[in-house]
Amino acid sequence: MVKPLQLATHCLEQGRSDDAYALLQQAAAAGDTDALMQLAVWHLSGTIFARDLPAARHLLGRAAALGHADAALIEIALTANGSGGTADWKTAAQLLDRAARKDPLAAEYLELLRKMDLDEDGAPRELPQSAPLHPKPRIEHFARFCTPEECVHIASLTANFLQPASVFDPRSGKMIAHPIRSSDNAVVGPTQESLVVQAINRRIAAATGTATEQGEPLTVLRYAPGQQYRPHLDTLPSPVSNQRIRTAILYLNANFTGGETEFPLLGIKVAPGAGDLLVFDNVDAQGAPEPLSRHAGLPVISGTKWIATRWIRARPTSAWELSDEARAAAPAG
């Protein structure tokens, strides 16, 4: 017997998206968890039908209640980060506790979350002491900002999605190799933001003196021997209405050589330590790009370097809008 999801996929291949949607709606009404999950994915992606985050949340909740483990984890992430509704950490934590009773992965996430010293809204009760490296632009270093387990958790979320760094070339209309960054990267999008990741994002916000909502999604970068990020500024090209004012770099491991973060105009070089956080300003007091913040990730000599970067904007930003902007810039086909 052909499953509804297979039939719907066949309809899509024939360009019959309305028929595909109707098939899955019927199956979902009958309690088909795969149909519920696929409808939720369609509403989240906005590629086949218009994005509808509240509808996606509703579908995920129904699928999770019927035992779909992946739907439960995504519902938890969206509940905490406020996609499709009001951000609600307490409810998200309750959902994780419920999911952990049946899903080993959710249980693993819950165990790690319980080791974090958080208040009732997922914010850190205390921060590690920072060491100032430069006053203007401000550069600070936080030793052991994250535990080894937290670092592994972040890396594991993106390990299967890493792609060579690339940019859109308007002259050719194609994605080309990034001209200054020779690494693999992946973004921890809103559906992947476990409560552990969101607690770390709240910790980064506290360390940078900003609101969590100002941060772009974590971007995980992996550098093999010889790979590097040549000197650059993290600010966005002008004109831009919501500039990247600050950068936070979390070093996820230290079992490699080379790969230091260097500020060549300031004579500062930071050796990565596992779990350490480096924070620096990208703009001056007037909000203009700060030339002295020019920095580089020096070539890795041996081993593999893993970092997670969070670029922080002047005002709140939306991961969903950023995703749409990136999609619009990508070539068709």
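Guide: Start with helix H9. In this predicted model, H9 lies across E2, E9, strand E13 (277-281) and E16. H9 runs at about 60° to E16.

Eight strands form an open sheet. Their order is E1-E2-E13-E9-E16-E7-E6-E3. The pairing is antiparallel. E1 and strand E3 (163-164) are the edge strands, and each pairs on one side only. Strand E6 (residues 184-187) and E7 are joined by four bridges, in the antiparallel sense.

H8 touches E6, E7, E9 and E16. The direction of H8 makes about 90° with that of E16.

Return to H9, for it has a helix partner too. The axes of helix H7 (residues 104-114) and helix H9 (residues 195-208) come within 9 Å. They cross at roughly 30°. Angles under 35 degrees count as roughly parallel, so H7 is roughly parallel to H9. Which residues make the contact? From H7 come Tyr109, Leu112 and Leu113. From H9 come Leu195, Val196 and Ala199. By class, the contact has six nonpolar residues, no polar ones and no charged ones.

H9 also takes part in a pocket. The second largest pocket has a volume of about 440 Å³. It is lined by 19 residues, and those closest to its centre are Asn81, Glu193, Thr212, Glu213 and Thr317. Helix H5 (69-81), H9 and helix H10 (319-329) each give two or more residues to that lining. H9 gives the most, with three residues. The lining of this pocket divides into six nonpolar, eight polar and five charged residues.

Strand E7 (219-223), E8, strand E9 (244-251), strand E14 (295-297) and strand E16 (305-313) each supply at least two residues. E16 has the largest share, with four residues. Sort the lining by class, and the cavity has eight nonpolar, six polar and two charged residues.

Two of those strands, E8 and E14, belong to another sheet. Four strands form this open sheet, in the order E8-E14-E11-E12. Here too the pairing is antiparallel. Strand E8 (229-232) and strand E12 (268-270) each have a single partner strand, so one side of each is left without a neighbour in the sheet. On average, neighbouring strands are turned by 10° against each other, direction ignored. Look at the E12 end of the order. Strand E11 (residues 261-263) runs antiparallel to E12, and three bridges join them. Glutamate 262 stands opposite lysine 269 in E12.

Finally, check the loops between strands. Most residues other than glycine have a negative phi, and most peptide bonds are trans. The peptide bond from lysine 136 to proline 137 is cis, with omega near 0°. Proline 137 sits in the loop between strand E1 (130-134) and strand E2 (139-142). Another cis bond runs from serine 238 to proline 239, with omega near -5°. Proline 239 is in the loop between E8 and E9. Then there is arginine 144, with a positive phi near 50°. Arginine 144 is found in the loop between E2 and helix H8 (148-158).

H9 comes within 9 Å of H7, axis to axis. H9 also gives three residues to the lining of the second largest pocket. From E16, go on to the largest cavity, where E16 supplies four lining residues.

Note on methods
Residues numbered from 1 in each chain as written. Predicted model: local features only at pLDDT ≥ 70, side-chain atom pairs only at ≥ 80, totals over all residues. Heavy atoms only, no water. Axes fitted to C-alpha atoms, helices over the stretch in contact; angles between N-to-C directions. Parallel < 35°, antiparallel > 145°, perpendicular 65-115°, else oblique. Contact = heavy atoms within 4.5 Å. Nonpolar A, V, L, I, M, F, W, Y, C, P; charged D, E, K, R; others polar. Pairing = 2+ DSSP bridges. 1 Å grid on protein atoms, 1.4 Å probe; cavity = no way out; pocket = protein on both sides within 12 Å on 5 of 7 lines; lining within 4 Å. Points joined across faces, edges and corners; volume = space filled by probe spheres on them.
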